[in-house]
Amino acid sequence: MVGTLESSDIQIGLSPNPGGGLDIQLQSVVKAQFGDAIVATITEVLESFGIKDATVNAVDRGALEWIIRARMQAVCCYATGTQFEWKGEDK
Amino acid sequence: MINAVGRELPEKIGSYVVKPYAGPSQKIEAEQTVCSRRKPSKRAVAETKLMPDLKAAIQACGLRDGMTISFHHSFREGDHIVGQVLSTIKELGIRGLRFAPSAVVNIKNPSIVDFVKDGTIDRIQASGIRGELGDAVVEGLELAEPVILRPHGARPHAIETGELSIDVAFIGASAADDFGNCTGQVGPNACGSLGYSFIDATCAEKVVVITDNLVPYPCVPISISQMYVDYVVKVDQIGDSAKIGAGAARRTKNPRDLLIAQRAADVMAASRLFKDGYSFQTGAGAISIACTDFLAEHTEKAGIQASYALGGMTANIVEMHKKGLVRTLLCSQSFDAVAARAIVDSPNIIEIDNSMYANMFNKSCALDKLNFGVLGALEIDVDFNINILTGSNGEMMSGIGGGPDVADGADISIVTLPIVRGRIPSVVNKVFTCCTPGSSVAVVVTEAGIALNPKHKSYEMLKEDLQKAGIKTVSIEDLLETAYSLTGVPKPIETTDKITCIVEYRDGTVIDVIRQIKRD
C-alpha cells in the first residue's frame with residue numbers, strides 16, 4: 001500500500017491475483033472526467049513491470065498523472081521486491 | 001434554438017417560455033407598472049400582530065396549497081427559520097408550495113430534499129441551491145417545474161414584473177418589536193444587512209417577521225418597517241450564531257491563492273481608474289479576502305481613498321473603512337460577525353436593498369458606478385464565459401450570487417481562480433454551465449498568468465495601463481494549454497435530456513440550462 005488520502009494524492013494497494021488478470025478497482029473524485037485516463041495510467045505501469053495478474057485498489061483524490069505514475073511505480077517495486085531503475089527515467 | 005453564448009435551448013420548458021440570452025443587456029423602458037401584492041389595509045388598533053406561534057401566523061396568512069413562500073438567506077448555514085417554517089407548514093398539511101428564497105444554503109436538519117419528497121414543496125426559485133438540495137436536483141429530483149436560478153439583481157426584477165409573485169414572505173430578524181419593525185443588525189443572532197428582504201417586504205401579499213429577540217417598541221434601527229408587516233412571531237432560536245457569521249476570516253496561507261490575490265490587486269492598482277474616489281467590490285472567497293488586503297495596501301501607498309465598497313461586506317473591508325481607505329460601505333449582505341455589527345457603529349456603513357445593489361431595471365443601481373469587481377469562478381472558458389454553479393461531476397457547488405451583475409456593471413471585472421484544482425482544470429474549452437457571459441469579463445487572473453479579454457469594452461485601456469505598469473499578460477488559450485498540460489483533457493459530463501434548472505441572466509433571459517446528470 002502506497003500513497004495517502006490527502007487531496008491531490010492517490011492511495012494504491014496491490015495484491016496478487018493468480019491467473020485472474022488485471023482487476024483494477026478505482027474510487028476517484030474525478031472519475032467522471034478522468035476515470036478512464038487513471039485506469040490507463042495504472043495499466044501502463046503494471047505492463048512496464050511485466051505484471052499480468054494483480055488486484056489494484058486505488059483511492060484517488062484528484063492526483064495528477066505523474067503522481068499516479070510515481071505511486072504505481074513505487075507499489076510495483078514493493079510488490080515485486082525490485083529497486084526502481086532511475087536511469088530508465090532519464091532516457 | 002441557440003442563444004448568444006452558444007447554448008442550445010428549447011423554445012419552451014413545460015409552461016416556461018424561454019427568452020434566449022441575446023447579448024449584452026440593454027436598458028429597456030417597460031410598459032408595465034411594478035407589481036406588488038401588498039394591499040392597503042386598516043387594522044383595528046386593539047388587534048395584535050404578535051402571534052403565539054408559527055402555526056397561528058401561517059394560518060392567519062391564509063396559506064394554501066400551491067402558494068409561493070419566500071425567505072432571505074442572510075443567516076447562511078446557521079438558519080433555523082426555513083426549517084421551522086417548512087416543518088410547521090408540513091404539520092398543517094399544506095402542500096405543493098413554490099419555495100422562493102433569495103438563496104438556498106446547505107441546511108441539513110431538516111433537509112429541504114425531504115420537504116420536496118413529501119410534497120410540501122414542488123417548485124423552487126432561488127439564486128442558488130447549493131448542497132444536498134442542488135445535488136438531488138441535478139440528479140433528477142422530482143419537481144413540478146425545473147428550478148429557476150437567478151442572479152441577485154434578477155430576483156427583484158422577477159418580483160416586480162410579477163413573474164415571481166410572493167404570497168407569504170417569512171423574514172427572519174435578529175431584533176423586532178411587536179409591530180414588526182425589525183433589523184438584522186443587533187441582537188444575539190445578528191446577521192447584518194437584510195438587503196435581500198426589502199423587495200419581499202414591499203411586494204409580498206403577507207409578511208411575517210420571525211425573531212428570537214422581541215424588543216420594546218420601537219425596534220432600533222428599523223431596517224424593515226412595520227408598514228409592511230402583517231404578523232410577528234417570537235421563536236426560541238432563529239439560528240445558530242456561530243454559523244450565521246463567524247468572526248473575521250483568517251487570511252489564507254495558501255501561497256497560490258495569495259499570489260492570485262496579489263496579482264488581482266496589482267491589476268486594479270495599475271489601472272487609470274485607480275485614483276481618489278474609485279469604487280470596488282471584492283467579495284468573500286479566500287482569494288477575495290486576501291485581495292482586499294492587497295488593495296488596501298495599494299490604496300494606502302497611493303495616498304487615496306475609495307468612495308465606496310459594494311455588496312457583501314467582510315471584516316477586512318470594515319478595517320479599510322476604519323483606516324480611512326474607503327469612505328462608504330454599501331452593504332447588501334454582511335459576510336461575518338464584524339461586518340454584521342459594523343453597520344450600527346458608523347454612519348458611513350449602510351444597509352442597502354439588494355435591488356439597489358444589482359437590479360439593472362431600476363432607474364439606476366449601485367453597480368452602474370462600480371470601477372472594479374473581483375469575482376470567483378469554478379470554471380472559465382476560452383470565450384471568458386464563467387461557470388459558478390456546477391462542479392466537475394456536475395454537482396451543485398455554489399449559487400449564482402451577484403457575479404453576473406457585478407461583471408456587467410463594473411468597468412473592470414476581474415475573475416480570480418487557480419488554473420487547476422486537484423486534477424480539475426479551471427480554464428476549459430467550454431464551461432459546463434454558463435452563468436456569466438464572457439463579453440462582460442475584462443480579465444482573468446491565475447497563478448499561471450493574467451489574460452485580458454480582447455472583446456471587453458475596457459480592453460484597450462486596460463492593455464495600455466498594464467503595459468505601462470510592466471504587468472505581463474498571456475492569452476486565454478495559453479492558460480487553457482497550461483491547464484490541460486497538467487490535467488489532461490477532461491471527458492465531457494454526460495447528461496440526459498431532462499432539464500433540471502433554468503439559469504437566468506440579470507436581464508431575465510435564459511443564459512443556460514442544467515440537464516440531469518447521467519450516473520452509471
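**Reading the sheet, the helices and the contacts**

Modeller: Let us begin with one pair of residues: A:Leu14 stands opposite A:Val56 in β3(A). Strands (E, at least two residues) and helices (H or I, at least four residues) are DSSP runs, numbered from the N terminus. The model is predicted, local features need pLDDT of at least 70, side-chain atom pairs count only at pLDDT 80 or more, and totals for chains, interfaces and linings use all residues. Residues are numbered from 1 along each chain as its sequence is written, while chains are lettered from A and ligands numbered from 1 in the order in which they are written.

Colleague: In what sense do β1(A) and strand β3 of chain A pair, and over how many bridges?

Modeller: Two strands pair if DSSP finds at least two bridges between them. Here β1(A) and β3 (residues 54-60) of chain A pair in the antiparallel sense, over seven bridges.

Colleague: What is the order of the strands in the open sheet of chain A?

Modeller: The three strands follow the order β1-β3-β2, with mixed pairing. β1 (10-16) and β2 (22-28) of chain A are at the edges with a single partner strand each, so one side of each lacks a neighbour in the sheet. From one strand to the next, the twist averages 10°.

Colleague: Which strands does α1(A) touch when it packs on the sheet?

Modeller: Two residues are in contact if their C-beta atoms, placed from the backbone, lie within 7 Å. Angles run from 0 to 180 degrees between N-to-C directions, and axes are lines fitted to C-alpha atoms, for helices over the stretch in contact. α1(A) touches β2 and β3 of chain A, and its direction makes about 145° with that of β2(A).

Colleague: At what angle do the axes of α1 and α2 of chain A cross?

Modeller: The axes of α1 (residues 31-48) and α2 (residues 65-80) of chain A cross at roughly 35° and come within 9 Å. A crossing is left-handed if the near helix is turned anticlockwise from the far one by less than a right angle, and right-handed if clockwise; that of α1(A) and α2(A) is right-handed. Among the residues that make the contact are A:Ile38 and A:Val45 of α1(A), and A:Ile68 and A:Met72 of α2(A).

Colleague: How do the residues of this contact of α1(A) with α2(A) divide?

Modeller: Ala, Val, Leu, Ile, Met, Phe, Trp, Tyr, Cys and Pro count as nonpolar, Asp, Glu, Lys and Arg as charged, and the others, Gly among them, as polar. The contact of α1(A) with α2(A) has seven nonpolar, two polar and two charged residues.

Colleague: How many residues does each chain bring to the contact between chain A and chain B?

Modeller: Chain A brings twelve residues and chain B eleven. On the side of chain A that touches chain B, α1(A) supplies the largest share, five residues. That side comprises six nonpolar, four polar and two charged residues.

Colleague: At what angle do α1 and α2 of chain B pack?

Modeller: Angles under 35 degrees count as roughly parallel, over 145 as roughly antiparallel, 65 to 115 as roughly perpendicular and the rest as oblique. α1 (residues 54-61) and α2 (residues 81-91) of chain B pack at about 65°, with their axes 10 Å apart, and are therefore roughly perpendicular to each other. The crossing of α1(B) and α2(B) is right-handed.
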